[in-house]
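Thanks for passing this one along. Here are some notes to read with the structure open beside you.

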Amino acid sequence: TNAKDFFINLGAIVALYSLIYSLVSLLFTVIDKAFPPIAMGYYYNSSTSISWPVATLVIFFPIFILLMWLLEKEYAVEPERQSAGIHKWLTYITLFISGLVMAGDLITVLYYFIDGQNLTAGFLLKVLVLLIIAGSVFTYYISDVRGKLTVKSRNVWRIVSAVIIVGSIVWGFSVLGSPQTQRLYKYDEQKICELHNINGQVIYYYQSKNVLPQTLADMSAINYYVPPVDTQTQKPYEYQKTGDKTYNLCAEFNK
């Protein structure tokens, strides 16, 4: 094994693991959004971003395909390179990990069933996602070890992988919204954060003066506080005193 073989094999495995992690993360996020947990009480459901897994998939998939193509090109000329230490080690490590994931996946389902826990649609979909992805990786690499992969079958694997990745990204955007929708969610999260900040300053003013401020500008007399403005609309947040100890804080939300 020379340096070139080592780094191409290592790069291909790193790309593969990054793809798998990002694909699982993307699908789990979409499943959680499409099939939210039941009976968890009220909580603020902030936006769930799929930006990082989608970006990773878009960049690493072509890299993985390129590195695998380079390896296959070398193996076609010198088949004995396929039996090199680095390739065999990484292949068997991948088989071992994917086998463990499948076993753990099935054990989890059986445990939930025996324990009488609710097997929700979201939970079963996550189990299916892990089983299909880990099973596909295991099947591909066991076929590679047994020498049953041909040029045609490798191309089929590439096409199926591309379809799954593109389909997952499209499903993610259809459930969670486009990048523009994600931007609107980010604006809303910022508004909530700033309203919490204003609320804390109002409470501090009341503790200091034993009276609520008439306007947000009154709070500058305590600690030179400057109320923030909505970065999206450039409008000030609204403060409405409704009683001696009650008030409203308002903002224009997108979602």
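1. Let me start with S22, which is buried, with a relative accessible area of 3%. This serine sits in helix 1. Setting aside neighbours within four places in sequence, S22 is in contact with P53, T56 and L57. Please keep in mind that this is a predicted model.

2. The next point is how two of the helices pack. Helix 1 covers residues 3-34 and helix 2 covers residues 51-77, and the two pack at an angle of about 145 degrees, their axes lying 8 Å apart. Their crossing is left-handed. As for the residues of this contact, 18 are nonpolar, 6 are polar and 3 are charged.

3. Now to charged pairs. Side chains of opposite charge can pair when their charged atoms come close. In this model the count of salt bridges comes to 7, and I pick out some of them below.

4. Because E74 belongs to helix 2 and K4 to helix 1, the pair ties together parts that are 70 residues apart in sequence. Are the two partners buried or exposed? E74 has a relative accessible area of 14%, under the 20% cut-off, so E74 counts as buried. K4, at 51% relative accessibility, is over the 50% cut-off and therefore counts as exposed.

5. Have a look at R158 and E72 too: their side chains meet in a salt bridge with an N to O distance of 2.5 Å. R158 lies in helix 5 (residues 151-176) and E72 in helix 2, so this pair links distant parts of the chain, 86 residues apart. Both R158 and E72 are buried.

6. My last pair is D230 with K191, whose side chains form a salt bridge at 3.2 Å, N to O. D230 is in the loop between helix 7 (220-223) and strand 1 (238-241), while K191 is in helix 6 (residues 179-209), so the pair ties together parts that are 39 residues apart in sequence. D230 and K191 are both buried.

Definitions and conventions
Residues are numbered from 1 along each chain as its sequence is written. This is a predicted model: local features need pLDDT of at least 70, side-chain atom pairs count only at pLDDT 80 or more; totals for chains, interfaces and linings use all residues. Side-chain values use heavy atoms; hydrogens and water are left out. Axes are lines fitted to C-alpha atoms, for helices over the stretch in contact, and angles run from 0 to 180 degrees between N-to-C directions. Helices (H or I, at least four residues) and strands (E, at least two) are DSSP runs, numbered from the N terminus. A crossing is left-handed if the near helix is turned anticlockwise from the far one by less than a right angle, and right-handed if clockwise. Ala, Val, Leu, Ile, Met, Phe, Trp, Tyr, Cys and Pro count as nonpolar, Asp, Glu, Lys and Arg as charged, and the others, Gly among them, as polar. A salt bridge is a side-chain nitrogen of Lys or Arg within 4 Å of a carboxyl oxygen of Asp or Glu. Buried means under 20% relative accessible area, exposed over 50%, partly exposed in between (1.4 Å probe, protein chains only). Contact means heavy atoms within 4.5 Å.
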